[in-house]
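Keep the picture in view while you read.

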Amino acid sequence: MTRASELRALSTEELRARLERTRREHLELRFKFATGQLGKPDSLRKVRREVARILTLLRERELAGEGEG
């Protein structure tokens, strides 16, 4: 799990790439959970929260960009 401060240091493009990877990871974990192969069920929650963190930072940057124009 990545801290918000670490995510803030990334560029917007890097955040979008991280979001894509994290969403893919979440999908894989959901499949493992459904088939009973997931060892740690809390990993699903952690990944879901990381997706939310990334989306929040992207939205903050979007809103900050609109205010400058």
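Q: Why is His 26 called buried?
A: His 26 has a relative accessible area of 16%. Buried means under 20%, so His 26 counts as buried. Bear in mind that this is a predicted model.

Q: Where is His 26 placed, and which residues is His 26 in contact with, leaving aside its neighbours within four places in sequence?
A: His 26 sits in helix α2. With those neighbours left aside, His 26 is in contact with Leu 44, Val 47 and Arg 48.

Q: What makes Arg 30 partly exposed?
A: The relative accessibility of Arg 30 is 45%. Partly exposed covers the range between the buried limit of 20% and the exposed limit of 50%, so Arg 30 counts as partly exposed. Arg 30 is found in helix α2, and its C-alpha atom is separated by 14 Å from that of Arg 49, 19 residues apart along the chain.

Q: How do you know whether Ile 54 is buried or exposed?
A: Look at its relative accessible area, which is 0%. The cut-off for buried is under 20%, so Ile 54 is buried. This residue belongs to helix α3.

Q: What is Ile 54 in contact with, leaving aside its neighbours within four places in sequence?
A: The contacts of Ile 54 are Leu 7, Leu 15, Arg 18, Leu 19 and Thr 22, once those neighbours are left aside. Ile 54 and Thr 12 are 42 residues apart along the chain, and their C-alpha atoms are separated by 9.8 Å.

Q: What makes up the largest nonpolar core?
A: It has 8 residues: Leu 7, Leu 10, Leu 15, Leu 19, Val 51, Ile 54, Leu 57 and Leu 58. Helices α2 (12-35) and α3 (42-68) each supply at least two residues of this core, and α3 gives the largest share, 4 residues. In soluble globular proteins, nonpolar side chains tend to be buried together.

Q: Which residues does Leu 15 touch, not counting residues up to four places away in sequence?
A: Leu 15 touches Leu 7, Leu 10, Ile 54, Leu 57, Leu 58 and Arg 61.

Q: How many helices and strands does the protein have?
A: There are 3 helices and 0 strands, and along the sequence they follow the pattern α-α-α.

Q: Why is the protein called more spread out than a compact globule?
A: Its radius of gyration is 14 Å, while the globule rule gives 11 Å for 69 residues. The value is well over the rule, so the protein is more spread out than a compact globule. Its C-alpha atoms fill a box of roughly 50 × 20 × 15 Å along the principal axes.

Q: What share of the residues is buried?
A: Buried residues make up 25% of the 69 residues. The accessible surface comes to about 5,300 Å², and 50% of it belongs to carbon and sulfur atoms.

Q: How many positive and negative side chains are there?
A: The protein has 17 positive and 12 negative side chains. The centres of the two sets lie 7 Å apart.

Terms used:
Residues are numbered from 1 along each chain as its sequence is written. This is a predicted model: local features need pLDDT of at least 70, side-chain atom pairs count only at pLDDT 80 or more; totals for chains, interfaces and linings use all residues. Side-chain values use heavy atoms; hydrogens and water are left out. A nonpolar core is a set of buried Ala, Val, Leu, Ile, Met, Phe, Trp, Tyr and Cys residues joined through side-chain atoms within 4.5 Å. Buried means under 20% relative accessible area, exposed over 50%, partly exposed in between (1.4 Å probe, protein chains only). Contact means heavy atoms within 4.5 Å. The radius of gyration is taken over C-alpha atoms; the globule rule is 2.2 Å times the number of residues to the power 0.38. Accessible areas come from the Shrake-Rupley method with a 1.4 Å probe; for residues, only the protein chains shown count as cover. Lys and Arg count as positive and Asp and Glu as negative; His and the chain ends are not counted. The place of a charge is taken as NZ of Lys, CZ of Arg, CG of Asp or CD of Glu.
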